[in-house]
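Colleague: Thanks for making time to go through this one with me. Could we take it question by question?

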Amino acid sequence: MKMLWILATKELRDGLRNRWIAAAIIVLGTLALALSLLGSAPTGTVKASAMDISVISLASLSVYLIPLIALMLSFDALVGEFERGTMMLLLTYPVKRWQVIMGKFLGHVLILFIAIFAGYGGAMLILTFVNGASLDGWQAYVSMMANSLLLGAVFIALGYLVSVLVKERATAAGTAIGLWLVFVVLYDLLLFGLLLVDEGQVIGQQLFSMLMLISPTDTYRILNLSMFDGVSQAAGIAGIASEAGLSGTLLISVLLLWIAAPLAATLLVFQKREL
Amino acid sequence: MTSNKTNNVISLHAVKKRYGNETVVSDVSFDIQSGECVVLVGHNGAGKTTLMKLMLGLTRPSSGEVNVLGANPAVSSAIAQHKTLGYLPESVAFYEAMTGREVLAFYARLKEASTVDCDNLLDVVGLAHAAKRRVGTYSKGMRQRLGLAQAMLGNPQLLFLDEPTTGLDPILRQQFYQLIDALHKEGATSVISSHALNEVEARANRFIIMKAGNMIASGTLDELYQLAALPVRLKVSVTPGQTANVAERLGSATNISEINDQVLNLTCINGEKMPLIRRITELGEVVNDLQIMPPKLDEVYSHFMNNHRTDGGQP
C-alpha cells in the first residue's frame, strides 16, 4: 500500500506541477457554472429545481468531457515511460509491476477526483448561493459527481490499455482519440440508426437495455438521469430505467466492470513485457 | 536454489537471449561471488547491456538459468531484494518535470532509504547547487551524476553500472571510483560494463570479455595475460656503439625487434622472460638500463577481439 501511495503522489505532483489539475478545474468549473446559470433560466414556473436541471445538463456535458480528460491523462502513462526509458529504471526498484499500474491509476483517479469535485463542486456551491437548494438536489448533484469520477476511471483504465499495447506515443494519442469517438459519438449514432431501421421489430426493450449497457457512456447517462425522482421527472424519463430493470447497483457494477477489465488486461500485457 | 557454500551472488548457466531471429547473448555461463568487482568488457552490441537486464530481471532468458541473490530475478517475488540493489542504465532517463532533489527523494522512498542520504549523495556527486532545478534543465553530465546518486541510494550490496563514467570529467571519475571503493570495503559486489579498460583495470577483480553475444574470455588480469600469451617487451640501453656486440652476446635465439646505436628492443614470451633478464644482467657494465614492459590491457583486449572469430563474425 505504501508503494502505491508513493507512486500515486508522484503522479499527483506531476498533475499539480504542469498545471494539469488547475486547467481541468477551471474548464469543468466554468462550464458547469455557465450551463447551470443559463440552464436554470428557462425552468420558469415548472416544478423542476435549478439543481436538478444542472444535473441533467452537466451529465450530458460530462459524457463528452470526462472521457476526453481521462484519456488525455492516461494515454501517455505507460508508453511515455517506455519511450523515455524511465520505466526501465523504475522496475529495478523494489516495485512490482502491478504496483506500478495501480499506483498510477490511484494517482490519476485522485487527479480526476480533485478536478471534478473542485470544478463541479465549486459551481454547486455558487449555485446554492444563487438559487438555494434542496437536500434531494444536492444528493443528485453529488452522486452525479461521483458517477463522473467512475466514468473517468473507466477511461483512465482504457487509456492504460492503449498505452501498454502500442509502440509509440503518437499511436497511443491517435488510438485514444479513436476510442473516445467510438464510445462517445459513434456507438450512440450506430444504436440510434439501428433503432430507426429496425422500427421496433427485433430490438425490444430488453435488447435495447443490453445494448445501452455495453457502452460505459450510456450506462453513465442512465445512471445520472434515472436514479433521482426530481432529475428523471425533469428529464422526462421518469420510471423508464426501473421498468427496463436497470437498478443503480447494476449500472454501477457495469461501470466497475469497465474499470476492472481494461486494468486487468493492461496488467497481463505489462507482466509479459520485456524491457 | 541458494548455494551458500560457493557464496555466489550471481550465477548464469547456459544463458541465451534471442530477440526475434537475432541472438544477442548465446550460451553464457559465469558466477560472480560476494564482494567481487567484475567488469564486462566488449564493443557496443556485444551483449553487455542485455546481460545486465537479464541479471536485473528486466528481460527473461530464451533458455538457460539466471540466478541473482538466490532467486530468479524475473519473478515478482524476487523484487523485494531490489532494495539492496543499485543500477545505473547506459543512458539514464529521469522524470524531467521534477527537481533533482525530488527525483532522488522519490527513488529513496521506493527503496525505503533515508531521505537524509539524498542530500549527502547530491553533495558527493556535485549536484548540491542544482538540487532545486528541474532535471529537464540538466546537462548530460549532470544527468549521469544524478544517475550515479540514485544507484548509490540505500548502501546497495549489489551494483550494476552500465558504462558509468561516460560524460564525467576526470575529477568526478576519481570521486566516483572512490565511492565504489568505499562500497566494496563494506562488502558490496559490483558488475560494471565498460570499454574504457585502463580506467577499471585497478579496481576489477575479474574481467568478462564479450564479443557478439559470446563470452570469449574470463579471468583476472593475470589470467588474461597468460591466456593471451602476448610477448613481453624489454628495452635495453647500452654503452653507445655496443649494441651489435650485445646482440651477439645475447645469442641468435633472442628476438630483437629494434636496434640502434644505444638501444635494443627485445621481445619474448612470458615464460622466457626471467632467463632473458638473467642473461642481460650477466652482460655486466655495458648495460646502462633495463626496462620491462608487460603488454598493456588494451593490447590484451584487442588480442581477444581480433583472434576470436565467432559465428556472428562481427569485427
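Modeller: Gladly, and one term comes first: contact means heavy atoms within 4.5 Å. This is a predicted model, in which local features need pLDDT of at least 70 and side-chain atom pairs count only at pLDDT 80 or more, while totals for chains, interfaces and linings use all residues. Residues are numbered from 1 along each chain as its sequence is written, chains are lettered from A and ligands numbered from 1 in the order in which they are written, and side-chain values use heavy atoms, with hydrogens and water left out.

Colleague: Which residues is Gln144(B) in contact with, leaving aside neighbours within four places in sequence?

Modeller: Gln144(B) sits in helix H4 of chain B, residues 140–152; helices (H or I, at least four residues) and strands (E, at least two) are DSSP runs, numbered from the N terminus. Its relative accessible area is 1%, so Gln144(B) is buried; buried means under 20% relative accessible area, exposed over 50%, and partly exposed in between, with a 1.4 Å probe and protein chains only. Beyond the neighbours within four places, the contacts of Gln144(B) are Leu88(B), Glu90(B), Val92(B), Glu163(B), Pro164(B), Thr165(B), Thr166(B) and Leu168(B).

Colleague: Leu88(B) is on that list. What is its bridge partner in E6(B)?

Modeller: Leu88(B) belongs to strand E5, residues 85–88, where Leu85(B) and Tyr87(B) on one side and Gly86(B) and Leu88(B) on the other are all buried. E5(B) runs parallel to strand E6, residues 158–162, and four bridges join the two; strands pair if DSSP finds at least two bridges between them. In E6(B), the partner of Leu88(B) is Leu161(B).

Colleague: Which residues point each way from E12(B)?

Modeller: As background, side chains in a regular strand alternate between the two faces of the sheet. Strand E12 of chain B covers residues 263–268, and six of its six residues are buried. One way point Val263(B), Asn265(B) and Thr267(B), and the other way Leu264(B), Leu266(B) and Cys268(B).

Colleague: Which residue of E12(B) is the bridge partner of Lys235(B)?

Modeller: Strand E10 of chain B, residues 232–238, runs antiparallel to E12(B), with six bridges joining them. In E12(B), Lys235(B) has as its bridge partner Asn265(B).

Colleague: And which residue in E12(B) stands opposite Ile256(B)?

Modeller: E12(B) also pairs with strand E11, residues 255–259, in the antiparallel sense over four bridges. A hairpin of three residues leads from E11(B) to E12(B). Opposite Ile256(B) stands Leu266(B).

Colleague: Is Gly136(B) buried or partly exposed, and at what relative accessibility?

Modeller: Gly136(B) is in the loop between helix H3 (116–124) and H4 of chain B. Leaving aside neighbours within four places in sequence, Gly136(B) is in contact with Glu96(B) and Arg143(B). Phe94(B) is 42 residues away from Gly136(B) in sequence, with 8.4 Å between the C-alpha atoms. Gly136(B) counts as partly exposed, because its relative accessibility is 38%.

Colleague: What is the phi of Asn155(B) near?

Modeller: Asn155(B) lies in the loop between H4 and E6 of chain B, and counts as partly exposed because its relative accessibility is 46%. Asn155(B) is a residue other than glycine with a positive phi, near 40°.

Colleague: Then what is the phi of Leu69(B) near?

Modeller: Leu69(B) is in the loop between strand E4 (63–68) and E5 of chain B. With a relative accessible area of 30%, Leu69(B) is partly exposed. Phi of Leu69(B) is positive, in a residue other than glycine, and near 50°.

Colleague: Turning to chain A, which residues does Gly121(A) touch, not counting those up to four places away in sequence?

Modeller: Gly121(A) is found in helix H6 of chain A, residues 97–131. Its relative accessibility of 8% is why Gly121(A) counts as buried. Gly121(A) touches Ile116(A) and Met145(A).

Colleague: Last one: how far apart do the C-alpha centres of the two domains of chain B lie?

Modeller: The domain assignment, automatic or from a database, gives domain 1 as 8–226 and domain 2 as 231–294. The C-alpha trace of chain B spans about 75 × 45 × 40 Å along its principal axes. The C-alpha centres of domain 1 and domain 2 of chain B are separated by 45 Å.
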